[in-house]
Amino acid sequence: MNQPLTLTAAQKAGPKLTAVALGIALVVLLAMPLLHLLPAEHALHVSAYTLTLVGKILCYAIVALALDLVWGYAGLLSLGHGLFFALGGYAMGMYLMRQSAGDGLPAFMSFLAWNELPWYWYGTSSFLWAMCLVVLVPGVLAFVFGFFAFRSRIKGVYFSIMTQALTFAGMLLFFRNETGFGGNNGFTDFKTILGFSISAPATRATLFFATVLLLVGSLYLGWRLARSKFGRVLTALRDAENRLMFCGYDPRGYKLFIWTLSAVLCGLAGALYVPQVGIINPSEMAPTQSIEAAVWVALGGRGTLIGPLLGAGIVNGMKSWFTVALPEYWLFALGALFIVVTLYLPKGVIGLIKRRGEE
């Protein structure tokens, strides 16, 4: 059974070096929202565009970490995590749209001549209920899907295809105007959150800070799971499921727990993504989005926790540059990146660093 790569890498490079690198990264991230509050003419001022871009990448990094828990440790390649991310975003978007509409209907409902809110919109004017939906909707969907999939012992490529079909079905459903989620335009034009202007520097800084806290909390949770007996069972499940069953373990409960937890983390990331970026639409559920998430994990190094965060940062940083400078070539660059990683970096960036350290 392979030991989690982050642990072996830390042993090789030294725990102090690892702690220093993570500490520096954390200090920089925590400093960014404070620097954003400085006057615009100040030399150290961080612009709203930069803060929003980095905040978006951090949300994607949480998704990559969540996917790494199920793919890197349990061996379940999901191509549908974009659905859980978008569901969390839509739950938060419903609250933000109600805040913008006041006592009336959201703007898109008035445009479509709706006379009243659908039943599933009831209570969404409450922030607490919206946060419950952020957790419950992706969590319950993942639990129900996982319960039947794992009970039927669906795994491998068949599991990946089913998750991709699930997110594609969700995208088609949310594209329809009659479902009450804004159709292909989704939700946008948010005004306030908890009574504060969503475009105010202090609000942006608070949302960014909350994203950093969620990322750190998710990383700590994943690290504790990897070091626990539960994490060792997951890696055994990934490497030799039949042998694990022969030893008396029932893998279904372990798979279902980590699968549901991963979906909840994606939902929370989506909830923080929406107020920072200012829009949520069905394109976040597109299968290509979930495939990109798999590329983040593969590039960084699956089963490493830190690697997927690096992969999300590298790929989305490249995407931000390509979509401005050479937008028509981005998908070609992404495909080439995936091929290079598959052929020459099977253990990702973290594996390359570890190999260089050993040399």
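**Pockets, cavities and rings**

Guide: Let us begin with the second largest pocket, to whose lining α6 gives the most, with six residues. Please keep in mind that this is a predicted model.

Visitor: Which elements give two or more residues to the lining of the second largest pocket?

Guide: The second largest pocket has a volume of about 490 Å³, and 17 residues line it, with Leu87, Tyr120, Val137, Phe174 and Phe181 lying nearest its centre. The elements that give two or more residues to this lining are α4, α6 (127-151) and α7 (157-175).

Visitor: By class, how many residues in the lining of the second largest pocket are nonpolar?

Guide: Phe and Tyr, like Leu and Val, count as nonpolar, and the residues nearest the centre of this pocket are Leu87, Tyr120, Val137, Phe174 and Phe181. In the lining there are no charged residues and one polar residue, while the number of nonpolar residues is 16.

Visitor: Which residues form one aromatic cluster?

Guide: A search of the whole structure finds 27 aromatic pairs. Tyr120, Phe174 and Phe181, which are among the residues nearest the centre of the second largest pocket, also belong to an aromatic cluster. The members of this cluster are Tyr90, Phe108, Trp119, Tyr120, Trp121, Phe174, Phe181 and Phe187.

Visitor: Why does the pair of Phe145 and Phe159 tie together parts that are apart in sequence?

Guide: The rings of Phe145 and Phe159 are 6.1 Å apart, centre to centre, with 55° between their planes, and the pair is tilted. Phe145 counts as buried at 13% relative accessibility, and Phe159 counts as buried at 0%. The pair ties together parts that are 14 residues apart in sequence because Phe145 lies in helix α6 and Phe159 in helix α7.

Visitor: Phe322 and Trp330 also form an aromatic pair; is Trp330 buried or exposed?

Guide: The pair of Phe322 and Trp330 is tilted, at 5.9 Å centre to centre and with 45° between the planes. Phe322 has a relative accessibility of 16% and counts as buried, since the cut-off for that word is under 20%. With a relative accessible area of 5%, Trp330 is buried.

Visitor: Which element gives the largest share of the lining of the largest cavity?

Guide: The structure holds three cavities of 30 Å³ or more, and about 100 Å³ of space lies in the largest of them. Two or more residues of its lining come from each of α3 (48-73), α4 (81-101) and α12 (287-300). The largest share, five residues, comes from α12.

Visitor: How many residues in the lining of the largest cavity are charged?

Guide: The lining is made up of Tyr60, Val63, Gly82, Phe85, Glu284, Gln289, Ser290, Glu292, Ala293, Trp296 and Lys319. Since Glu and Lys count as charged, we can look for those names in the list. Five of the lining residues are nonpolar and three are polar, while the number that are charged is three.

Visitor: How many disulfides does a search of the whole structure find?

Guide: A disulfide is a covalent bond between the sulfur atoms of two cysteines. Cys132 is in no disulfide, as the nearest cysteine sulfur, that of Cys266, is 19 Å away, whereas a disulfide is counted within 2.5 Å. Cys132 is partly exposed at 35% relative accessible area, and Cys247 counts as exposed at 55%. Over the whole structure, the number of disulfides found is zero.

Conventions: Residues are numbered from 1 along each chain as its sequence is written. This is a predicted model: local features need pLDDT of at least 70, side-chain atom pairs count only at pLDDT 80 or more; totals for chains, interfaces and linings use all residues. Side-chain values use heavy atoms; hydrogens and water are left out. On a 1 Å grid over the protein atoms alone, a cavity is a set of points where a 1.4 Å probe fits but cannot get out, and a pocket is an open set with protein on both sides within 12 Å along at least five of seven lines; lining residues have an atom within 4 Å of a point. Grid points are joined across faces, edges and corners, and a volume is the space filled by probe spheres set on the points. Helices (H or I, at least four residues) and strands (E, at least two) are DSSP runs, numbered from the N terminus. Buried means under 20% relative accessible area, exposed over 50%, partly exposed in between (1.4 Å probe, protein chains only). Rings of Phe, Tyr and Trp (its six-membered ring) pair if their centres lie within 6.5 Å; planes under 30 degrees apart count as stacked, over 60 as edge-to-face and the rest as tilted.
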